[in-house]
Amino acid sequence: MKVFTCSNCQNLIYFENNVCLKCNSPLGFDANTLNLITLVSEGNNLFSSIKNKEQKFHYCKNAEYSTCNWLIPPDHESAFCIACDLNRIIPDLSDSKNLKRWTNIETAKHRLVYSLLRLKLPVEKKNNDEEKGIAFDFLAESSSEKVLTGHDLGVITLNIDEADEAERVKHKTDLGERYRTLLGHFRHEIGHYYWDLMVKDSPMLSNYRDLFGDEREDYSKALENHYKNGSPANWSENYISSYATSHPWEDWAETWAHYLHLMDTMETAYFFGINIRPEGDKGANDVQANINQDPYEVKDFNQIFKTWLPLTFALNSLSRSMGYSDFYPFIIPEPVVKKLLFIHEMCYSKRTGK
């Protein structure tokens, strides 16, 4: 994520802010420029950019629930921004618990969409393209109906219980996972969608199978076997997670999600000008890094990964200093690096045409 500042007072502001906490100027995110814009009210719910009065905006309709700060032009075909327009089903907002969970969901989903736009990947709602579009269904469980988080032909379903911290930690513990977040769910499920869009029936399919395995393996039987027998004892030598061993599709989705984790975190580190220079013995030289390039502009993934490891070591050290477990509970073996490189090269080519 980029670092944003208020154009009126130069105060640092978060991606989710709709007002500057220093000067009270209204703020909104412009998906066309990927910038957080400081606004001036023009009345009648119309705003202009403080830097360019000719730029006019409305807030997305979901701003009325304080779940979105994205902007749309006055003549936009929809009352919703590009991120909120992907929603097909949302929970009953008359229930305050649902509203709180939906707010958490939208916070994570908007960060997902930012990354997709940064990568210049296609983001199209299903109403416009039933075959290749995206739709989000956010569903609540009932006593008679269980909701499974997953992906099917561009439809991403999320059990809104995942937006409840206590429930998510319980699931994390029950499943023996060290990392489980709302944003992680979104990044994983959208990975299935982009596999269909970018790998399936493409010239990349053979290379994909060389790295991830043959996806023609029976998916249902593979998952049944995984939940019955667990992962191989040596799974960490070839996979990013235990679940990635269940089927080549899941290996792809888990690795795709990790790629988005890495790129967004590295972008943040770059915009903050973070350099890792540990004081200590000579061995500390192995974890030095000068993060001086925007990862989305770097063609060579190995160059990105070289600075990723020192950054995560520093983040884990900071996390432990606060009494928390590791911020980044992963060890990346060489086979996973090759999978990440495959994804990066594919996305970089898609983004730049090179």
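Modeller: Let us begin with accessibility: a residue is buried under 20% relative accessible area, exposed over 50% and partly exposed in between, with a 1.4 Å probe and protein chains only. Please note that this is a predicted model, in which local features need pLDDT of at least 70 and side-chain atom pairs count only at pLDDT 80 or more, while totals for chains, interfaces and linings use all residues. Residues are numbered from 1 along each chain as its sequence is written, and side-chain values use heavy atoms, with hydrogens and water left out.

Colleague: Is Leu 153 buried or exposed?

Modeller: Leu 153 has 63% relative accessibility, so it counts as exposed. Leu 153 belongs to the loop between strand S10 (150–152) and strand S11 (155–159). Helices (H or I, at least four residues) and strands (E, at least two) are DSSP runs, numbered from the N terminus. Although Leu 153 is not a glycine, it has a positive phi of about 55°.

Colleague: What is the phi of Leu 34, and where does this residue lie?

Modeller: Leu 34, also not a glycine, has a positive phi of about 55°. The loop between strand S3 (27–30) and strand S4 (35–43) holds Leu 34. With 9% relative accessibility, Leu 34 counts as buried.

Colleague: Which residues does Asn 62 touch?

Modeller: Contact means heavy atoms within 4.5 Å. Not counting residues up to four places away in sequence, Asn 62 touches Thr 67, Cys 68, Phe 80, Cys 84, Asn 87 and Trp 102. Asn 62 is located in the loop between strand S6 (56–59) and strand S7 (71–72), and at 5% relative accessibility it counts as buried.

Colleague: How is a pair of packed helices described?

Modeller: Two packed helices are described by the angle between their axes and the distance between the axes. The axes are lines fitted to C-alpha atoms, for helices over the stretch in contact, and angles run from 0 to 180 degrees between N-to-C directions. Here, the axes of helix H7 (residues 301–321) and helix H8 (residues 334–352) come within 10 Å and cross at roughly 130°. This makes H7 oblique to H8; angles under 35 degrees count as roughly parallel, over 145 as roughly antiparallel, 65 to 115 as roughly perpendicular and the rest as oblique.

Colleague: Which residues make the contact of H7 with H8?

Modeller: From H7 come Phe 301, Asn 302, Ile 304 and Phe 305, and from H8 come Val 337, Leu 340, Leu 341 and His 344.

Colleague: How is a pair of aromatic rings described?

Modeller: The description uses the distance of the centres and the angle of the planes. Rings of Phe, Tyr and Trp (its six-membered ring) pair if their centres lie within 6.5 Å; planes under 30 degrees apart count as stacked, over 60 as edge-to-face and the rest as tilted. A search of the whole structure finds 29 aromatic pairs. In one of them, Phe 138 and Phe 186 have ring centres 6.0 Å apart and planes at 80°, so this pair is edge-to-face. The two residues are 48 residues apart, with Phe 138 in strand S9 (residues 135–139) and Phe 186 in helix H3 (residues 182–198). Both Phe 138 and Phe 186 are buried.

Colleague: What are the values for Trp 252 and Phe 342?

Modeller: Trp 252 and Phe 342 are 6.4 Å apart centre to centre, with 80° between the planes, in an edge-to-face pair. Trp 252 lies in helix H6 (residues 248–271) and Phe 342 in helix H8, so the pair ties together parts that are 90 residues apart in sequence.
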